[in-house]
Amino acid sequence: MTPAPSHAGPQHSTARRGILMALLATISYAVVDTLSKYQAREYPVGMIVWARYAVPLVVLLLVFLPRRGCSMLRTAFPMIQLVRGGLLTAGTIFIVFAYRVMPIAEAQSISFIHPVLLTLLAVVFLGEKVSRLGWVAVLVGFSGVLIVVRPGGGLFTPAALLPLGLALCFSLYQMFTRVIATRENSINSLFCVLLVGSVVMSLALPFAWVDPTPKGVFFFALIGISSGIGHFSTIKALEYAPASLLAPFAYVQLLWVGILGILVFGEFPDGITIVGMAVVVAGGLLVVASRQANTKTQASNLDLP
């Protein structure tokens, strides 16, 4: 008997491409964050944030505008896109300020509470149901942040609010993204976000300008290009594989950030910080698991007669 043809091979290959692109995105974002912290020692935050939006916007236009034309510039949700861009820009400002006063690994680990915050926001504003596992994830995630911050310890300062500010902004950004995700082209959405960030930071740039050295110009360009690669890799990853499969790989960024923090700045996270980072990751992974469980439950309910 001739076996039936299998489609598992192509599907597996596509999923693998998605995972590889997701991992490339984590490396790119880790490089952006490391360079941002490096530049923040000599240049104003406004210049760094401007580079993170203006340079990838130019790259995006050069790559996609010739093929897509003016259709790339259209959006059916201008107000939502404006809010998304404003939230992401504010979050970027928060985290770059955090890099000036905190070790990069600690700042990143605190900011990675955002999947937990998104769960809470989705319950309040989108009316989503959360399982017991989801609520356990919320508690675990917050516990991880407390371990990193250590109330009464060295990181329990107002500076710890900066990465939490990013986490809140990014959670709200993701919530609005959910609202339009199935009705808006991903390239158009990325263009809108980069455009808003570029315009806002261009308006602020004259008040935060320092003449850069040639090395500074090179690193600003590298920040923007790496940011563009990260955004593009994320889009391609989601084209190849579902978000539920890719979500856990986002936490690999903490590993790259930790390694680059050691190599570039000599910042070695202590044992308690590493435990806290692991707990934050566990909370995020539980959020992913709870969403997958809810999706399977809803699918099985739809199959009922």
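Reply: Start with the surface. This is a predicted model. A nonpolar patch of about 570 Å² is formed by L24, V58, V59, L62, V63, I225 and I229. Helix 2 (45-68) and helix 9 are the elements that give two or more residues to the nonpolar patch.

Me: Which helix gives the most to the nonpolar patch?

Reply: Helix 2 does, with 4 residues.

Me: Take L62, then. Is L62 buried or exposed?

Reply: The cut-off for exposed is over 50% relative accessible area. L62 has 64% relative accessibility, so L62 counts as exposed. Its place is in helix 2.

Me: Now helix 9. Where does S227 lie, and is S227 buried or exposed?

Reply: Helix 9 covers residues 214-240, and S227 lies in it. Buried means under 20% relative accessible area. S227 has 4%, so S227 is buried.

Me: What is S227 in contact with, leaving aside its neighbours within four places in sequence?

Reply: With those neighbours set aside, S227 contacts Y29, V32, R52 and P56.

Me: How should I read L190? Is L190 buried or exposed?

Reply: Apply the under 20% cut-off for buried again. L190 counts as buried because its relative accessibility is 11%. L190 sits in helix 8 (residues 186-204). Beyond its neighbours within four places in sequence, L190 is in contact with L60, H231 and I235.

Me: How many residues separate L190 and R84 in sequence, and how far apart are they in space?

Reply: Read both separations. L190 and R84 are 106 residues apart in sequence. In space, their C-alpha atoms are 9.9 Å apart.

Note on methods
Residues are numbered from 1 along each chain as its sequence is written. This is a predicted model: local features need pLDDT of at least 70, side-chain atom pairs count only at pLDDT 80 or more; totals for chains, interfaces and linings use all residues. Side-chain values use heavy atoms; hydrogens and water are left out. Buried means under 20% relative accessible area, exposed over 50%, partly exposed in between (1.4 Å probe, protein chains only). Contact means heavy atoms within 4.5 Å. Patches are made of residues with over 30% relative accessible area and no salt bridge: like charges are joined within 9 Å, nonpolar side chains (Val, Leu, Ile, Met, Phe, Trp, Tyr) within 5 Å. Accessible areas come from the Shrake-Rupley method with a 1.4 Å probe; for residues, only the protein chains shown count as cover. A salt bridge is a side-chain nitrogen of Lys or Arg within 4 Å of a carboxyl oxygen of Asp or Glu.
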